[in-house]
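Thanks for coming. I have one model to go through today, and I will keep to the geometry. Please look at the structure first.

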Amino acid sequence: MHVSHLSLADFRSYARVEVPLDPGVTAFVGPNGQGKTNLVEAVGYLATLGSHRVASDAPLVRMGADRAIIRAAVVQGERQQLVELELNPGKANRARINRSSQVRPRDVLGIVRTVLFAPEDLALVKGDPGERRRFLDELITARSPRMAGVRSDYDRVLKQRNTLLKTAALARRHDGRRGAPPARADSSVGADLSTLDVWDQHLARAGAELLAQRLDLIAALRPLADKAYEQLAPGGGPLGLEYRGSAGEAMAAAANREELYGVLLAALGEARKNEIERGVTLVGPHRDDLLLKLGQLPAKGYASHGESWSYALALRLASYELLRSEGNEPVLVLDDVFAELDTRRRERLAELVAPGEQVLVTAAVDDDVPGVLTGARYAVSDGVVEKVDR
């Protein structure tokens, strides 16, 4: 699979730009702040419906514009598709596939698949649990686009459940200040709390599906990540990927989705008193973490800067190999990565990714692109993208 043409309108710094692309390596070269990353960010957005740089869509729309458009022609075997996303901050985004407007944005997931290497990847090792949950969930959705719906359902139920818990917590604090007894079952708050059982079931059902997918993914990634780390830093492993669930140790004994549902439901029941006091859901995939170990120690806090980089790169390489093995090779995106690496890691990474069907690279100067990554070059300056004859 590769992107044969990228078109942007009012996206980031670009009022309008058209970029033809070929299989193999394409490098976008130019000083920082000229728009290189904006190009590969747009490709990544088509694959994930999100940016690796910002959490909302508003910064993606060019200043003064109301909306942004990302359009790409995508080739997979003998099939070509035209996919388009219209970004409307504060309103619903729109999507088109082959110029049909009768699709939801998440229907485009799976048409473009990417594996992105970027300086931000260091947060996979050194950052908060949310970074690692995002890594898992985006890869889950790349493997199975239907999981976008499951994630959306989970987030919706979680938001509604948290609203109920927050209302109950505020009411209890208010009653406590007034010296009143706790709300009775027939009061408005008590009646609302009686619906928690229903919300627990919805949350546990969607959560069990998400959790099962994460556990399956981690099992598939372990040997691939270990192999990739050995290729990047020979003799430096082994790696350990361990899922830390908020539902407790019982989760490890669950053999299927139905058992995971039961574990989550029981854990929610046990946590209910504490949740009502704090006004927030304390159990579920949104509270879980992926523990990354290097040897016998957690990588976070113990791995050196170079080891942390190698770990993050190994996770991305493992993701690429996994998606590739499942029949639809993703586009590899290396966003200003080589400047962050020492010579040894730079050359090893370049050798590993060079055979990819399509590899998109950004770099500040030509010398940052390893020689093995031969292919098309574009000069990017002040929002102008021009192909360079070589």
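I will start with a pair of helices: α3 and α6 are roughly perpendicular to each other, because their axes cross at roughly 90 degrees and angles of 65 to 115 count as roughly perpendicular. Before going further, note that this is a predicted model. Helix α3 covers residues 129-143 and helix α6 covers residues 196-232, and their axes come within 10 Å.

Which residues make the contact between α3 and α6? On the α3 side they are Arg133, Phe135, Leu136, Asp137, Leu139, Ile140 and Arg143. On the α6 side they are Leu210, Gln213, Arg214, Asp216, Leu217, Ile218 and Leu221. By type, this contact divides into eight nonpolar residues, one polar and five charged.

Leucine 294 has leucine 297 of β11 as its bridge partner.

The peptide bond joining glycine 237 and proline 238 is cis, with omega at about 0 degrees.

Next, the other sheet. How many strands does it have, and in what order? Six strands form it, in the order β2-β1-β4-β5-β6-β7; it is open, and the pairing is antiparallel. At the edges are β2, residues 14-20, and β7, residues 100-103, each pairing on one side only. From one strand to the next the twist averages 20 degrees.

Within that sheet, β1, residues 2-11, pairs with β2 over six bridges, in the antiparallel sense. Serine 7 stands opposite glutamate 18 in β2. Helix α1 packs on this sheet, where it touches β1, β2, β4 (68-76) and β5 (79-87). The direction of α1 makes about 110 degrees with that of β1.

The loop between β1 and β2 holds arginine 12. Phi of arginine 12 is near 55 degrees, which is a positive value in a residue other than glycine.

Last item, the largest pocket. Its volume is about 1,000 Å³. There are 40 residues in the lining, and Thr48, Gly50, Arg134, Glu138 and Arg151 lie nearest the centre. Which elements give two or more residues to that lining? They are α1 (36-48), β8 (114-117), α2 (122-126), α3, α4 (147-178) and α8 (305-325). The largest share, seven residues, comes from α3. By type, the lining divides into 18 nonpolar residues, ten polar and twelve charged.

Definitions and conventions:
Residues are numbered from 1 along each chain as its sequence is written. This is a predicted model: local features need pLDDT of at least 70, side-chain atom pairs count only at pLDDT 80 or more; totals for chains, interfaces and linings use all residues. Side-chain values use heavy atoms; hydrogens and water are left out. Axes are lines fitted to C-alpha atoms, for helices over the stretch in contact, and angles run from 0 to 180 degrees between N-to-C directions. Helices (H or I, at least four residues) and strands (E, at least two) are DSSP runs, numbered from the N terminus. Angles under 35 degrees count as roughly parallel, over 145 as roughly antiparallel, 65 to 115 as roughly perpendicular and the rest as oblique. Contact means heavy atoms within 4.5 Å. Ala, Val, Leu, Ile, Met, Phe, Trp, Tyr, Cys and Pro count as nonpolar, Asp, Glu, Lys and Arg as charged, and the others, Gly among them, as polar. On a 1 Å grid over the protein atoms alone, a cavity is a set of points where a 1.4 Å probe fits but cannot get out, and a pocket is an open set with protein on both sides within 12 Å along at least five of seven lines; lining residues have an atom within 4 Å of a point. Grid points are joined across faces, edges and corners, and a volume is the space filled by probe spheres set on the points. Two strands pair if DSSP finds at least two bridges between them.
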